[in-house]
Amino acid sequence: MSSELEGGQKTAGFQPVAPATGKLGVMVIGLGAVATTMIAGVEAVRRGLAKPIGSLTQMGTIRLGKRTDAKSPLIKEFVPLADLNDVVFTGWDIFEDNVYESAAHAKVLDEKTLLQLKPYLETIKPLPAVFDQYYVKRLHGTHVKTGTTKRDLANQVIADIQAFQQTVDRVVVIWCGSTEIFLKATAVHETLEAFEAGLDNNDIGIAPSQIYAYAALSLGVPFANGAPNLTVDAPALVELSKKKSAPICGKDFKTGQTFMKTVLAPAFKARMLGVSGWFSTNILGNRDGEVLDDPESFKTKEESKLGSLEYIFQPELYPDLYKNLYHKIRINYYPPRGDDKEAWDNIDIFGWLGYPMQLKVNFLCRDSILAAPIALDLVLFLDLAKRTPSLKGIGIQEWLSFYLKAPQTAPGLYPEHDLFIQLMKLKNTLRHIMGQDLITHLGLEYYD
Ligand SMILES: NC(=O)c1ccc[n+]([C@@H]2O[C@H](COP(=O)([O-])OP(=O)(O)OC[C@H]3O[C@@H](n4cnc5c(N)ncnc54)[C@H](O)[C@@H]3O)[C@@H](O)[C@H]2O)c1
């Protein structure tokens with residue numbers, strides 16, 4: 001019989017996901033706008049002051065079985081995720097400000113909300129960071145670790161993580177730090193052995209984000225990357241991730257403009273409409289905008305943002321529609337707007353017989369309000385992956401591409417950028433690990 005469902009998963013070898021017992025420690029690298037908005041937001045939700053809007057783990061449901069079964073539990077009730085009440089935060093930053101001070105500086109959340117949360121937020125004070133201005137030109141860090149080699153610095157981060165592990169049951173590390181300069185993977189990133197030698201001889205190709213990542217992965221701790229830095233997107237770190245069963249995923253939170261791109265581009269492609277040009281510009285006035293004003297950091301961001309359209313449109317399959325697409329991205333630092341980013345997209349499309357049309361998108365968003373729930377979901381899902389027998393040893397968690405501008409994949413695989421395919425992949429992964437049938441949306445059985 002034809003079925004909307006495919007494949008029963010509860011086979012003889014099925015191994016259940018371990019429960020989320022005890023405390024989940026979240027170590028955040030970079031306690032800036034995104035991180036403080038996530039931490040303050042989690043506390044606000046815990047106190048019943050606000051709803052976790054934008055978070056799939058907290059608000060999303062998942063359909064199980066046939067449409068006629070009417071069974072759609074909350075995701076957080078279907079898979080064993082850490083409860084927000086069990087989440088404990090700490091982190092590192094190059095400035096000494098505690099989370100309250102840093103959140104007040106970022107001006108994302110209003111003063112009234114922050115004052116209510118102040119006693120809690122003040123208790124989270126950053127550990128000294130691994131930092132080198134060579135990798136982020138616009139920042140001058142004062143609260144930093146010193147060491148003679150990068151290995152020495154990695155050992156200090158390992159000691160930080162181990163100390164925190166004494167106080168919680170599980171740990172996840174997430175990079176919410178500034179965007180580093182554009183780095184390509186070189187010989188030092190090819191193998192774990194080469195990378196470890198590079199730590200010993202201070203190879204310039206190893207950025208601070210990779211020192212944190214190395215430290216986390218060596219301890220078997222999952223690592224997420226909210227920025228477009230190279231970080232774990234290199235064979236040596238993938239090797240370590242697999243070796244230590246420490247899940248990783250792609251990079252760069254998919255929040256504003258790229259989020260919209262990965263919704264609109266699949267729609268044009270679905271209807272076989274051509275696109276000749278896509279011009280995207282932004283004004284942004286927060287510290288992230290200031291860092292991205294440096295051409296070397298912007299280059300990292302640009303590379304991460306450019307990829308999505310190329311992969312979604314598949315110009316090699318549809319040369320008549322997308323071969324000549326001109327894609328341009330600009331980010332302009334404009335202090336008066338602070339975290340309230342404004343993005344404009346002008347999209348030149350063409351339809352039947354080649355007749356041209358235009359679509360304009362003007363997204364007046366709030367960068368960190370969009371990013372905070374993504375950071376939270378990544379942390380909770382990576383912790384789930386670490387407790388899942390079939391996921392923890394595979395390294396890259398491609399099912400988390402949904403959240404990221406630059407998904408990471410197995411070598412030779414092209415990344416999937418279409419938001420709705422990504423969501424289907426994510427939900428089917430959850431069904432799969434819980435031994436439920438996958439959903440293919442075939443649905444012929446309703447007409448038998
Ligand atoms: N907000 C969004 O929508 C969004 C989307 C995608 C990616 N991102 C990325 O997320 C990151 C954080 O964004 P933000 O708006 O919070 O920026 P931010 O400038 O407010 O915060 C970054 C923090 O990282 C700290 N930092 C820098 N280097 C560090 C290091 N080596 N170790 C420890 N701390 C370090 C800085 O001092 C700062 O407090 C940026 O890289 C940004 O590009 C943000």
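Modeller: What follows is a set of questions and answers on the terms used for this structure.

Biologist: What kind of model is this, and how many helices and strands does the protein chain have?

Modeller: This is a predicted model, and its protein chain has 15 helices and 13 strands.

Biologist: Why does the radius of gyration of the protein chain agree with a compact globule?

Modeller: For 448 residues the globule rule gives a radius of gyration near 22 Å, and the protein chain has 22 Å, so the two agree. The C-alpha trace spans about 65 × 55 × 50 Å along its principal axes. Among contacts with a separation of 6 or more, 77% join residues 24 or more positions apart.

Biologist: What makes a residue such as Gly198 buried or exposed?

Modeller: The cut-off for a buried residue is 20 or more other C-beta atoms within 10 Å of its own; Gly198 has 23 within that distance, so it counts as buried. Gly198 is found in helix H7, residues 192–200, and, with residues up to four places away in sequence left out, it touches Val188, Asp203, Gly205 and Ile206. Over the protein chain, 47% of the 448 residues count as buried.

Biologist: How do you know whether Leu353 is buried or exposed?

Modeller: A residue is exposed if 12 or fewer other C-beta atoms lie within 10 Å; Leu353 has 5 C-beta neighbours inside 10 Å, and therefore counts as exposed. Leu353 sits in the loop between strand S10 (342–350) and strand S11 (356–364), and has a positive phi of about 65 degrees although it is not a glycine.

Biologist: What is the phi of Asp252, and is this residue buried or exposed?

Modeller: Asp252 has a phi near 75 degrees, a positive value in a residue other than glycine. Asp252 is found in strand S7, and because 23 other C-beta atoms lie within 10 Å, this residue is buried.

Biologist: Which residues is Gln257 in contact with, and why is Gln257 called buried?

Modeller: Contact requires C-beta atoms within 7 Å, and, its neighbours within four places in sequence aside, Gln257 is in contact with Ser280, Asn282, Ala343, Asp345 and Phe363. Gln257 is buried because 23 other C-beta atoms lie within 10 Å, against a cut-off of 20 or more. This residue lies in helix H10, residues 257–270. The C-alpha atoms of Gln257 and Lys392, which are 135 residues apart along the chain, are separated by 32 Å.

Biologist: What makes a group of residues a nonpolar core, and how many residues does the largest one have?

Modeller: The members must be buried residues of the listed nonpolar kinds, joined through C-beta atoms within 7 Å. The largest such core has 108 residues, and Ile174, Ala375 and Leu378 are those with the most contacts inside it. Helix H14 (residues 367–386) gives the most to this core, with 12 residues, and at least three residues come from each of domain 1 (5–254 + 368–439) and domain 2 (257–364). Ile174 touches, among others, Val26, Val28, Ala375 and Leu378, not counting residues up to four places away in sequence. Apart from this core lies another, of 10 residues, among them Leu264, Trp278, Phe313 and Tyr322.

Biologist: How far apart are domain 1 and domain 2, and how many residues does the contact take from each?

Modeller: The C-alpha centres of domain 1 and domain 2 lie 26 Å apart, and the contact takes 28 residues from domain 1 and 27 residues from domain 2. On the side of domain 1 that touches domain 2, S7, strand S12 (404–406) and helix H15 (419–433) each supply at least two residues. The residues of that side divide into 13 nonpolar, six polar and nine charged.

Biologist: Which residues come nearest to the ligand, and which helix gives the most to the shell around it?

Modeller: Of the 35 residues around the ligand, Gly30, Gly32, Ala129, Ala227 and Arg287 come nearest. H14 gives the most to the shell, with four residues, and by class the shell has 20 nonpolar, 10 polar and five charged residues. The shell around the ligand also draws at least three residues from each of domain 1 and domain 2.

Note on methods: Residues are numbered from 1 along each chain as its sequence is written. This is a predicted model: local features need pLDDT of at least 70, side-chain atom pairs count only at pLDDT 80 or more; totals for chains, interfaces and linings use all residues. The radius of gyration is taken over C-alpha atoms; the globule rule is 2.2 Å times the number of residues to the power 0.38. Two residues are in contact if their C-beta atoms, placed from the backbone, lie within 7 Å. Domain bounds come from an automatic or database domain assignment. A residue is near a molecule or strand if its C-beta atom, placed from the backbone, lies within 6 Å of it. Ala, Val, Leu, Ile, Met, Phe, Trp, Tyr, Cys and Pro count as nonpolar, Asp, Glu, Lys and Arg as charged, and the others, Gly among them, as polar.
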